[in-house]
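Student: I am new to this structure and would like to learn how to read a sheet and a core. Could you walk me through them?

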Amino acid sequence: MRAAGRDGRWDADTAVEQMYGGHYRALVRLSVLLVGDVESAEEVVQDSFVAMHGRWAALKEPDKALAYLRQTVVNRSRSLLRHRGVRSRYTPPAVADRPGADEDALVAERRQLVLDALRRLPDRQREVIALRYYLDLSEADIAETLGISRGAVKSHASRAAAALRTLMEDVS
Amino acid sequence: MNRADDRDDKLDGKLDGKLDAELRDLLRDAVSRVEPRHGIDAIRSRTAAPRARRSWAWAAGGAVAATAATIAAVSLLSTGLGTSNDVRPAPEPTGATPLRTVSVYFVGDTGGGTRLFSEQRRVFAPVALQEALADAVQGVTFDPDYTSPWPSGEMLRGARMRQGVIAINLDARAATRPQGMSLGTAKAAVQQLVLTAQSATRHRYPVRFLLDGRPTATVLGLRVGHEVTGRRDDSVLAAVSIRSPAQDATVGSPFTVTGQAATFEANVQWELTQGDTVVRRGFTTARECCTLSPYSFKVSAPPGVYTLVVHDEDASGGEGVGRSVDTKSITVR
C-alpha cells in the first residue's frame, strides 16, 4: 500500500487521508439517506473519521477501518435522529440540488420524495435499505454493520421494500 | 404489499430484479447531486491532538474517548429499541466488525449507600476495554439514576490487557480523593472500573492502576496495593437491580423482567406505574436469599409508557419503597 510505515502499514494520519479519499463522499451520501440533510451528514461522517483515527491501531487494516466507518456512520446518524426528538415534527432542510438550468424540477422533486419516504421508515428499515441499495452490502455485512441477525435484516428489507414500493408507483 | 412479502425468502440478492434495480436507482439518484464540502481539514484539525495522546497504548483520552462513549451508547439503544426481530441479541459476529456485549458499571444511591449498577451495551470488540471504561468514567448512562463518580471524564488516559493483568492508566490527579467525595464513593469508583474492565475483556484478571503511566499504590486517596480484584457482592453491587428491559426499551406484552437481588428472604417486589398510578404490582423471589442471585418475572400490560420499579421489601411495613430500588422507563407496544 502507499504511504506505508516501516512495517508496511499506514499510520493513523495516513489511514484517515486514504480512507477519506476513497470513501468520504459515499459515506456522506449514505448518511444523507439516513438523516435527510447534507450538513448533518457531513458532521456525522467527520466525527466518524475522527473516531476511526483514534482506533487505527486496533483496526490496522483498510477493510476493518471501512467496516468501522460504516458502522459508526449508521450509529451516529441514528443517534442524531434521536436527538432531534420527535422525528415526525422535524423537517430537515431539503437536500436542494444546486439550481441550474439543466436541473429538471421534477427530478429534484423526485429526489426529495425518496428522502422523505426514507425518513418515514422505522430506523432499522431505513438503515437496511440504505446499506443494501446504496452501498450494495451483502445480507451478512448488513447484519454485522447493524449488529442484528440475518433474519432480522431480511425481514426489515422486505418490509421496507414493500413500503417503498408504494412510493415508486407514484414517482416512477 | 403482499406481493413483496411473498418474496421474503428470496431477498438475499436475487429477488425480483426489477424491484431491486428500481430501488437501487432511486436511492442512488436521490443523493447523486450531494457533493460534500471539503472535510479533510476539519478532520485533520481534530485528529492533530498533542503527540502524547496519540500512542495506541493509552489511546482512550480526550475527544476520542467521548466519541467512543457515544457510539457505545447508540449500540445499546439499537438493541434495546429495535423491533421484535432485534430484541434477541444477534450472535457474536465473527467477521471484520465484531461487536461485543459488555456491562458498564455506574454508581447509584441505595438505602445502603453508594452501590454499583450495570448497563449492557454492544461495543466494537477490538476496543471494547477502552470504550467501556470511557463510558464508565464519563458517565454515559441510559438510566438517569446512574452516574459516574469520577470528577471528570478526562481522568481516564487509557487501558490495556497484557499477560493476565488489566492496566488502567489514569490522570495523575486521580491519586487523591476530590473534596466532597466520600470514602464509600471512592471505593465504588475503583470497583466500577475493575468490574467494567473485566466485563469488557471477558477476563476476571486483576487490575493494576497507573497514574500518567507510572505504577501507583493510591487511587482517589485509597490504597489499592499492587493489584485490585473485582468484588461482586452486595457491599459493592446494588442489592436490587434490573438487567432487562433496559432503560427506554420498547417491549411487547407480556414481557420478562430479569435482574439480581440480595434481599431478606429473597423477596423482590415490583410495580409498573404511570405517573402516580400503580398499573400493576406483584412480587417474586430471587433464587437464593441474602446473597446476590437472579430473579425473573413476567408482566402483562396494555400499550403505553411506564416506569418499572423493582425493590426489596419495605422493612418499615409502611409506605414507600424499600431500601434498595431500581427503576426503568419502558414502552409497551
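**Reading a sheet and a core**

Tutor: Let's begin with an open sheet in chain B, where 3 strands with antiparallel pairing follow the order 9-11-14. Strand 9 and strand 14 of chain B are the edge strands, each pairing on one side only. From one strand to the next, the twist averages 30°. Please keep in mind that this is a predicted model.

Student: What holds strands of a sheet together?

Tutor: In general, strands pair through backbone hydrogen bonds, and they can run parallel or antiparallel. Here, strand 9 (residues 240–244) of chain B is joined to strand 11 of chain B by 4 bridges. One of the partners to look for is B:Gln260 in strand 11, which is bridged with B:Ser241.

Student: How many bridges join strand 11 to strand 14 of chain B?

Tutor: There are 7, and these two strands also run antiparallel. You can find B:Gly259 with its bridge partner B:Tyr295 in strand 14 of chain B.

Student: Why is strand 11 of chain B largely enclosed?

Tutor: Of its 7 residues (255–261), 5 are buried, so strand 11 of chain B is largely enclosed by the rest of the structure.

Student: And which residues have the most contacts inside the largest nonpolar core?

Tutor: That core has 126 residues, and A:Leu33, A:Met52, B:Leu116, B:Leu133, B:Ile168 and B:Ala197 have the most contacts inside it. Its largest share, 12 residues, comes from helix 1 (residues 12–35) of chain A.

Student: What does B:Ala197 touch?

Tutor: Leaving out residues up to four places away in sequence, B:Ala197 touches B:Leu129, B:Leu133, B:Ala159, B:Ile166, B:Ile168 and B:Val207.

Conventions. Residues numbered from 1 in each chain as written. Chains lettered and ligands numbered in written order. Predicted model: local features only at pLDDT ≥ 70, side-chain atom pairs only at ≥ 80, totals over all residues. Buried ≥ 20, exposed ≤ 12 C-beta atoms within 10 Å, placed from the backbone. Pairing = 2+ DSSP bridges. Core = buried A, V, L, I, M, F, W, Y, C linked by C-beta atoms within 7 Å. Contact = placed C-beta atoms within 7 Å. Axes fitted to C-alpha atoms, helices over the stretch in contact; angles between N-to-C directions.
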